[in-house]
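Below is a short note for a colleague who has not seen this structure before. The points take the ligand surroundings and then the sheet.

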Amino acid sequence: TLASTNGHKVHVWSRRGSKTLAEVLEGAEIILSAVSMKGVRDVVSGLKSLSLSPEIIFVTATKGLDPQTTCTPSQIWQEAFPHHPIVVLSGPNLSAEIQQKLPAATVVASSVISAAEDVQLVLSSHRFRVYTNTDTLGVELGGTLKNVIAIAAGVCDGLQLGTNAKAALVTRGLTEMVRIGLHWGGKQETFYGLSGLGDLLATCNSPLSRNYQVGYQLACGKTLTEILAHLQGTAEGINTTKVLMQRSKQQNISTPITEQVYRLLQGEVTPRQALEELMLRDIKPEYH
Ligand SMILES: NC(=O)C1=CN([C@@H]2O[C@H](COP(=O)(O)OP(=O)(O)OC[C@H]3O[C@@H](n4cnc5c(N)ncnc54)[C@H](O)[C@@H]3O)[C@@H](O)[C@H]2O)C=CC1
Ligand SMILES: O=C(CO)COP(=O)(O)O
């Protein structure tokens with residue numbers, strides 16, 4: 001919608017639609033992928049089998065981690081298309097609000113800055129403010145890691161733990177995101193921007209967030225199976241938590257909130273037990 005409002009021709013492909021990828025992509029200059037993490041490799045291989053113009057810019061909006069390799073979506077795209085610019089689109093962008101034409105801002109990040117600027121131009125308008133960034137990985141990790149904290153924030157609200165608890169959780173959640181992000185190669189300041197703190201605030205405070213909903217409903221006593229049976233769309237944080245646990249253990253990164261979200265999703269602890277575990281950890285300085 002944002003691109004077509006700016007006068008660009010937009011063609012949408014879906015695996016359930018009647019047109020083939022090749023038909024939809026004829027003459028395309030920018031290809032924007034917004035499939036969930038589980039579909040990224042299929043879509044990438046579908047595109048690889050086509051002969052695409054070398055000028056094409058790929059934009060990825062997926063917020064997740066590959067379970068097999070722990071790679072981010074943009075790393076999968078870049079590996080498959082090493083000579084094309086890859087742009088990450090990420091920010092506090094709850095789609096229902098954007099559909100209602102409410103104002104929002106986002107970030108487009110790429111190592112090829114001209115490609116990020118092209119995408120910025122295509123999407124920018126008086127109700128959608130687009131910033132560029134060169135820290136592709138940091139921008140992508142902000143949107144991905146915050147989903148885990150959004151599940152915890154939903155639990156916090158579902159248990160009615162109060163405003164102080166929520167502020168503490170979100171702030172320590174950001175510390176955890178920064179710790180992981182720096183270890184993996186993102187820049188600290190990126191996590192304090194729209195794609196980090198910005199998206200964290202949006203998803204930790206909105207019932208529109210699927211990840212928040214998962215946590216909220218778990219705290220209200222539903223099982224994960226019951227929640228997923230009725231959830232509209234994908235809560236990427238569930239898969240991300242698993243991948244993150246595996247990778248942070250291997251790399252010895254301290255991720256206490258992720259660990260409790262993981263144990264909760266596995267059914268190993270109740271929401272109240274997860275809270276106790278977090279509160280009774282060894283006391284320590286705020287920064288170290
Ligand atoms: N960059 C941003 O600002 C935002 C990004 N997201 C992310 O975008 C992604 C999609 O989110 P939603 O549309 O809400 O999820 P959704 O679950 O509603 O849609 C996922 C789409 O992926 C498609 N898909 C899944 N597997 C596929 C496959 N093998 N082949 C082809 N298509 C496949 C599904 O058919 C569906 O259309 C998620 O990773 C989400 O975290 C969500 C909101 C904002
Ligand atoms: O990432 C989002 C908004 O920026 C969407 O959040 P959910 O995936 O939790 O719905």
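**Notes on the ligand shells and the sheet**

1. Ligand 2 is surrounded by 14 residues, the closest being Asn93, Thr203, Ser209, Arg210 and Asn211. Helix H7 (136-158), helix H10 (194-204) and helix H11 (210-219) are the elements that give two or more residues to this shell. The model is predicted.

2. By class, the shell around ligand 2 holds four nonpolar, six polar and four charged residues. Both domain 1 (2-136) and domain 2 (143-279) give residues to the shell, so ligand 2 lies between them.

3. Around ligand 1 there are 23 residues, and the closest are Gly39, Lys63, Asn93, Gly233 and Thr234. H3 supplies the largest share, five residues.

4. The shell around ligand 1 is made of six nonpolar, 12 polar and five charged residues. Ligand 1 lies between domain 1 (2-136) and domain 2 (143-279), because both give residues to its shell.

5. Five strands form an open sheet in the order S1-S2-S3-S4-S5, and the pairing is mixed. Strand S1 (30-33) and strand S5 (128-133) are at the edges with a single partner strand each, so one side of each has no neighbour in the sheet. From one strand to the next, the twist averages 25°.

6. Within the sheet, strand S2 (residues 57-60) pairs with S3 in the parallel sense over three bridges. Phe58 stands opposite Ile86 in S3.

7. H10, which gives residues to the shell around ligand 2, also lies across S3, strand S4 (104-109) and S5. H10 runs at about 145° to S4.

Key:
Residues numbered from 1 in each chain as written. Chains lettered and ligands numbered in written order. Predicted model: local features only at pLDDT ≥ 70, side-chain atom pairs only at ≥ 80, totals over all residues. Near = placed C-beta within 6 Å. Helix = DSSP H or I, 4+ residues; strand = E, 2+ residues; numbered from the N terminus. Nonpolar A, V, L, I, M, F, W, Y, C, P; charged D, E, K, R; others polar. Domains from an automatic or database assignment. Pairing = 2+ DSSP bridges. Axes fitted to C-alpha atoms, helices over the stretch in contact; angles between N-to-C directions. Contact = placed C-beta atoms within 7 Å.
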